[in-house]
Amino acid sequence: MSTQLRIFKADAGLKWLKAGWLIFKTQPATFIFMHLFIGIVGLLSLFLPLLQVVAALATPFLTAGFYQAVLSKQQGGKIMLADILKPFTAKGNRLGLLRLALYQMGAGILMALLANGLFADAVAVMSQPGLDPNVALEQMLDSISGANVILFFMAMLIYLTAFAYAVPLVYFRKETRILTALKKSLMVFYHNILPLGVFGLICALFMALSMFLSFLPLLILMPICYISFFVSYQAIFMPVVPPSDDINVKPLSSETSGRFDA
């Protein structure tokens, strides 16, 4: 059985951001507090190591709740902060999100082990007591191999792109095979590298500009990016594709991507 993947031109990345802004401004405060809630859960795990596992398990649920709120706004509904917790009680979806969280935890551990292996010498230099900071920085840079940096960057890129669309695929498409969801997410970036590249570049540019304003614009920018990314998911994974001059449709066999559940 085959399915279809929508392939967009580069300007679609900008259109997704515009759509995200239109949704955000319908209830900006709610979306801001939702994103802050996700961020606070992540920060607590940094200060309270015992909560690291809890935060890692909760993040896919909170992300799904944020996306569900976006969908509710698109359907003309009202949302509130508590809506971000709905996936915790949504029957039929919880097990998939929990399994996804465990996969992501495992992948995160592998990434940490890879970083420790590639940059062990640099970490050893920085951990030396009483070393002059300038000397430590110079020795650290000398100990880092360019090949190791490239290898780690490629591994991180695969990690991020594999899990990028996994949450909506598991939660909304009811994809029960986690590895299939990860492969589908990777294939989206392969076939839509131009619009997603434009999307990422614009987001990164605004994030960099926010540095000059003490990062305060991130309170608005990050929710818009989250909303826009979900809009891109909706655009790419729509089951029915109307013909258009700026969209190509690429059939994907079930052997390479798995099927999309109806």
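Just after helix H3, Gly-76 takes a positive phi of about 85°. (Helices are DSSP runs of H or I with at least four residues, strands are runs of E with at least two, and both are numbered from the N terminus.) This is a predicted model, in which local features need pLDDT of at least 70 and side-chain atom pairs count only at pLDDT 80 or more, while totals for chains, interfaces and linings use all residues. Residues are numbered from 1 along each chain as its sequence is written, and side-chain values use heavy atoms, leaving out hydrogens and water.

## The overall fold

Let's step back and look at the whole chain. Its secondary structure comes to twelve helices and two strands. Reading from the N terminus on, the elements run β-α-α-α-α-α-α-α-α-α-α-α-β-α.

The protein chain has 262 residues, and 41% of them count as buried (under 20% relative accessible area with a 1.4 Å probe and protein chains only; exposed is over 50%, and partly exposed lies in between). Among contacts (heavy atoms within 4.5 Å) between residues at least 6 apart in sequence, 79% join residues at least 24 apart.

## Helix H3 and Gln-74

Helix H3 covers residues 52-74, which makes 23 residues. From its first C-alpha to its last it reaches 33 Å, close to the 33 Å expected (1.5 Å times one less than the number of residues). Follow H3 along and you will find a kink of about 35° at Ala-58, shortly before the proline Pro-60. That bend is the angle between axes fitted to the seven residues ending there and the seven starting there.

Gln-74 also belongs to H3, and is partly exposed, with a relative accessible area of 37%. Setting aside neighbours within four places in sequence, Gln-74 is in contact with Ile-23, Phe-230, Val-231 and Gln-234. The side chains of Gln-74 and Gln-234 are joined by a polar contact of 2.7 Å (a pair of N or O atoms within 3.5 Å, one able to donate a hydrogen and the other to accept it; residues adjacent in sequence count only if both atoms are side-chain atoms). Thr-26 lies 48 residues from Gln-74 in sequence, and their C-alpha atoms are 9.8 Å apart in space.

## The nonpolar core

Which residues touch the most other members of the largest nonpolar core? They are Trp-16, Phe-31, Phe-66, Leu-100, Tyr-165, Ile-227 and Ile-236, out of 64 residues in this core. Helix H11 (residues 218-236) gives the most to this core, with ten residues. Here a core is a set of buried Ala, Val, Leu, Ile, Met, Phe, Trp, Tyr and Cys residues joined through side-chain atoms within 4.5 Å.

Take a closer look at Ile-236. Leaving aside neighbours within four places in sequence, Ile-236 is in contact with Leu-5, Arg-6, Phe-8, Trp-16, Tyr-165, Val-188 and Asn-192.

## Helix H7 and its surroundings

Helix H7 runs over residues 146-164 and has 19 residues. It reaches 27 Å from its first C-alpha to its last, close to the 27 Å expected.

The buried residues of H7 are Phe-152, Ala-155, Tyr-159, Thr-161, Ala-162 and Phe-163. Among the elements covering them are helix H4 (94-118), helix H8 (166-171) and helix H9 (178-191).

## Loops worth a look

The loop between H8 and H9 holds Arg-173 and Lys-174. Arg-173 is buried, with a relative accessible area of 14%, whereas Lys-174 is partly exposed at 41%. The side chain of Arg-173 reaches the backbone oxygen of Phe-237 at 3.3 Å. The C-alpha atoms of Lys-174 and Gly-92 are separated by 8.2 Å, although these residues are 82 apart along the chain.

Most residues other than glycine have a negative phi. Lys-174, however, has a positive phi near 60°. Ser-214 has a positive phi near 60° too; its place is in the loop between helix H10 (193-210) and H11, and it counts as exposed at 58% relative accessibility.

## Two cysteines without a bond

How many disulfides does a search of the whole structure find? The search finds zero. Cys-203 is in no disulfide, and the nearest cysteine sulfur, that of Cys-225, is 3.1 Å away. Cys-203 counts as buried at 6% relative accessibility, and Cys-225 counts as buried at 7%.

How values were computed:
A disulfide is a pair of cysteine sulfur atoms within 2.5 Å.
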